[in-house]
Amino acid sequence: MTKKKLYRGLLVLLAAGAIGTAAGAAEQGTQPTSVTADSLTYDTRTGLITAETNVRMEQGPSRVEGARATYNTHTEEGTVEGGVRAVRDDMNLSCDRLFGIGQEHWQATGSVHMVKAGRTFTGAQLDYYPSQNDYILADSGGTITSADGTLSADRLEGWMKENRFVGTGNAHIVSPPRDLEGGGDRMEYFGSAERPYVVLDGSAWVFQGNNMARSNHMTVYLADDGTAVSE
């Protein structure tokens with residue numbers, strides 16, 4: 001019973017977000033669960049469950065691995081630390097530490113590398129809020145890479161379901177398929193618009209081929225043929 005509580009608690013870190021949805025987590029609750037670790041303890045007074053050394057948790061096709069894992073049955077706070085690896089559906093995550101509270105928020109820190117829905121995020125820290133249109137926040141900056149190119153900034157946030165991202169501070173966009181590069185103090189990318197476009201503000205610039213444009217405010221529409229139209 002203790003092992004089941006541990007795994008279910010830690011699974012909450014990844015449920016309803018980059019690894020799944022709240023509904024998906026409920027469905028997985030009926031699937032076989034396994035937890036292995038060299039050491040497992042449970043403090044009934046504090047509600048803290050701790051697994052240490054060679055920790056591996058599995059349920060259906062999902063798995064979480066790390067050197068140490070904890071879950072508090074009273075607060076629903078959980079952590080996985082040390083070479084964290086997590087896989088579920090189309091998400092693959094690695095980091096130094098994963099922390100979560102319930103199903104509404106989890107935070108990955110230390111050499112974060114997350115692949116999901118054809119995009120890759122790399123950075124020092126990533127916060128994820130699944131109930132807010134898959135909202136992500138990289139307060140200390142990072143890079144998002146897709147088949148179309150890369151977005152990077154000192155601070156990144158985005159709504160993955162909307163394919164909309166905002167970069168603040170040294171914002172930079174590179175799109176090799178369009179032979180396009182641009183930047184500014186702030187950038188907002190609208191990938192799901194009928195005509196995808198990016199808005200650049202503050203010392204904005206765009207370079208494509210042999211053409212370059214500069215302005216305080218610039219909207220760049222990304223055409224299907226690879227050309228960029230600036231306004």
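**Entry 1: the pocket.** A reminder to myself that this is a predicted model. I started with the make-up of the largest pocket's lining, and its residues divide into 7 nonpolar, 6 polar and 2 charged. That lining has 15 residues, with Ser146, Asp148, Leu151, Asn163 and Tyr189 nearest the pocket's centre. I noted a volume of about 180 Å³ for the largest pocket.

Which strand gives the largest share of the lining? I found that S13 does, with 4 residues. Strands S10 (142-146), S11 (149-153) and S13 (164-175) each bring at least two residues to the lining.

**Entry 2: the aromatic pairs.** Next I turned to the rings and counted 5 aromatic pairs. One of them is Trp106 with Tyr128, a stacked pair at 5.3 Å centre to centre and 20° between the planes. Trp106 belongs to strand S7 (residues 105-116) and Tyr128 to strand S8 (residues 119-129), so this pair ties together parts 22 residues apart in sequence. Buried or exposed, I asked of Trp106? Trp106 is buried at 2% relative accessible area, and Tyr128 is buried at 0%.

I then checked Tyr129 and Tyr135: their ring centres are 5.8 Å apart with the planes at 40°, so I logged the pair as tilted. Tyr135 counts as buried, at 10% relative accessibility. Tyr129, Tyr135 and Trp159 make up one aromatic cluster.

**Entry 3: charges over rings.** Back at Trp159, I saw the charged end of Arg164 sitting over its ring, 4.1 Å from the centre. The charged end of Arg195 sits over the ring of Tyr221, 4.3 Å from its centre.

How values were computed:
Residues are numbered from 1 along each chain as its sequence is written. This is a predicted model: local features need pLDDT of at least 70, side-chain atom pairs count only at pLDDT 80 or more; totals for chains, interfaces and linings use all residues. Side-chain values use heavy atoms; hydrogens and water are left out. On a 1 Å grid over the protein atoms alone, a cavity is a set of points where a 1.4 Å probe fits but cannot get out, and a pocket is an open set with protein on both sides within 12 Å along at least five of seven lines; lining residues have an atom within 4 Å of a point. Grid points are joined across faces, edges and corners, and a volume is the space filled by probe spheres set on the points. Ala, Val, Leu, Ile, Met, Phe, Trp, Tyr, Cys and Pro count as nonpolar, Asp, Glu, Lys and Arg as charged, and the others, Gly among them, as polar. Rings of Phe, Tyr and Trp (its six-membered ring) pair if their centres lie within 6.5 Å; planes under 30 degrees apart count as stacked, over 60 as edge-to-face and the rest as tilted. Buried means under 20% relative accessible area, exposed over 50%, partly exposed in between (1.4 Å probe, protein chains only). A charge sits over a ring if NZ of Lys or CZ of Arg is within 6 Å of the ring centre and within 35 degrees of the ring normal.
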